[in-house]
Amino acid sequence: MDNTTGLRENKKLRTRRRLAATALELFLERGFDAVSVADVAAAAEVSKPTLFRYFPSKEDLVLDRFADHQDEAARIVRERPPGQGPVGAVHAHFLAALDRRDPITGLCDHPDVLAFQRLLYSTASLESRIALYSAREVELLAAVLEAESTPSLTARLAALHLVTVRQELGRENWRRIDAGRSADEAYPAAVADADGAFAMLADGLDRALPIRTA
């Protein structure tokens, strides 16, 4: 990549981040449904066509950050150490994320994170759009499992279960925080839920999925 191309890509990234930040500020202030794409474009001082070149839908202005996590489960399983099954790998990663209060686990009481999650879980169109991101996450994880000689149907079912468990644990953790508990107060219950949920998966999936040997 030459300097000109690098500068152009950096400019696009800055514009993308500025558009997303402007949109989120407006959505949090007025509510998602009360803000139009035209409102966001005007506030960011760009045209609507320019905005749509960066974000194909209004919902993507909020959910674009989820794209960074779509390959996370696949990467965790692909890079797991020898002797560990896929369920154990995802379980261990989730526990580590809980320990550092990663927002993706729902166990984060930072005001900005809480405001974002309230917007997300109170807006029907955003929740519906998340399904598209989840489907891609399942697809990527299933591909990793299939590459390890897991039958196609088994890989898809396992990926669906693993992705769903992570999402539902995150939602439950957010409910605790939204009800007024601090992240530290909710941490023991979050760990217990994670241990229980992944144990249920391990009882079935670990007998059907490969253990990495090298």
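Modeller: Happy to! Start at Glu45, which comes just after helix H2 and takes a positive phi of about 60°. Please keep in mind as we go that this is a predicted model.

Now step back into the helix itself. H2 runs over residues 37-44, and Val37, Val40, Ala41 and Ala44 are buried in it. Viewed down the axis of H2, these buried residues fall within an arc of 100°, so they line one face of the helix.

What does Ala23 touch, leaving aside its neighbours within four places in sequence? Ala23 is in contact with Val40 and Leu61. Val40 is one of the buried residues of H2, while Ala23 itself lies in helix H1. With a relative accessible area of 0%, Ala23 is buried, because buried here means under 20%. Ala23 also has a C-alpha atom 8.5 Å from that of Ala41, although the two residues are 18 apart along the chain.

Helix H1 (3-30) and helix H4 (60-63) each give at least two residues to its lining, and H1 gives the most, with 5 residues. Among the residues lining this pocket are Leu13, Arg16, Ala20, Leu24, Leu61, Val62 and Phe116. By class, its lining has 7 nonpolar and 5 charged residues, and no polar ones.

The protein chain has 10 helices and 0 strands, so please picture α units from end to end: the pattern along the sequence is α-α-α-α-α-α-α-α-α-α. Its C-alpha atoms fill a box of roughly 55 × 50 × 30 Å, taken along the principal axes. Of the 214 residues, 43% count as buried. Among contacts with a separation of 6 or more, 71% join residues 24 or more positions apart.

Where do the nonpolar residues gather? The largest nonpolar core has 33 residues, and those with the most contacts inside it are Leu98, Leu107, Leu141, Leu162, Leu169 and Phe198. Helix H5 (72-78), helix H6 (86-99), H8, H9 and helix H10 (183-205) each supply at least two residues of this core, and H9 has the largest share, with 9 residues. Take Phe198 as an example: not counting residues up to four places away in sequence, Phe198 touches Val87, Val90, His91, Phe94, Leu162, Val165, Arg166 and Leu169. Apart from this core lies another, of 25 residues, which brings us back to where we began: Leu19, Ala23, Leu61 and Val62 are among its members.

Sorted by class, the lining of the largest pocket has 10 nonpolar, 8 polar and 6 charged residues.

Helix H7 also holds Gln117. Is Gln117 buried or exposed? At 6% relative accessibility, Gln117 counts as buried. Setting aside residues up to four places away in sequence, Gln117 touches Pro103, Gly106 and Trp174.

Finally, back to the backbone feature that opened this tour. Glu45 takes its positive phi of about 60°, and Arg101 likewise has a positive phi of about 60° although it is not a glycine. Arg101 sits in the loop between H6 and H7. Ser149, also not a glycine, has a positive phi of about 75°, and its place is the loop between H8 and H9. Ser149 is exposed, with a relative accessible area of 67%.

Note on methods: Residues are numbered from 1 along each chain as its sequence is written. This is a predicted model: local features need pLDDT of at least 70, side-chain atom pairs count only at pLDDT 80 or more; totals for chains, interfaces and linings use all residues. Side-chain values use heavy atoms; hydrogens and water are left out. Ala, Val, Leu, Ile, Met, Phe, Trp, Tyr, Cys and Pro count as nonpolar, Asp, Glu, Lys and Arg as charged, and the others, Gly among them, as polar. On a 1 Å grid over the protein atoms alone, a cavity is a set of points where a 1.4 Å probe fits but cannot get out, and a pocket is an open set with protein on both sides within 12 Å along at least five of seven lines; lining residues have an atom within 4 Å of a point. Helices (H or I, at least four residues) and strands (E, at least two) are DSSP runs, numbered from the N terminus. A nonpolar core is a set of buried Ala, Val, Leu, Ile, Met, Phe, Trp, Tyr and Cys residues joined through side-chain atoms within 4.5 Å. Buried means under 20% relative accessible area, exposed over 50%, partly exposed in between (1.4 Å probe, protein chains only). Contact means heavy atoms within 4.5 Å. The arc is that of the directions from the helix axis to the C-beta atoms.
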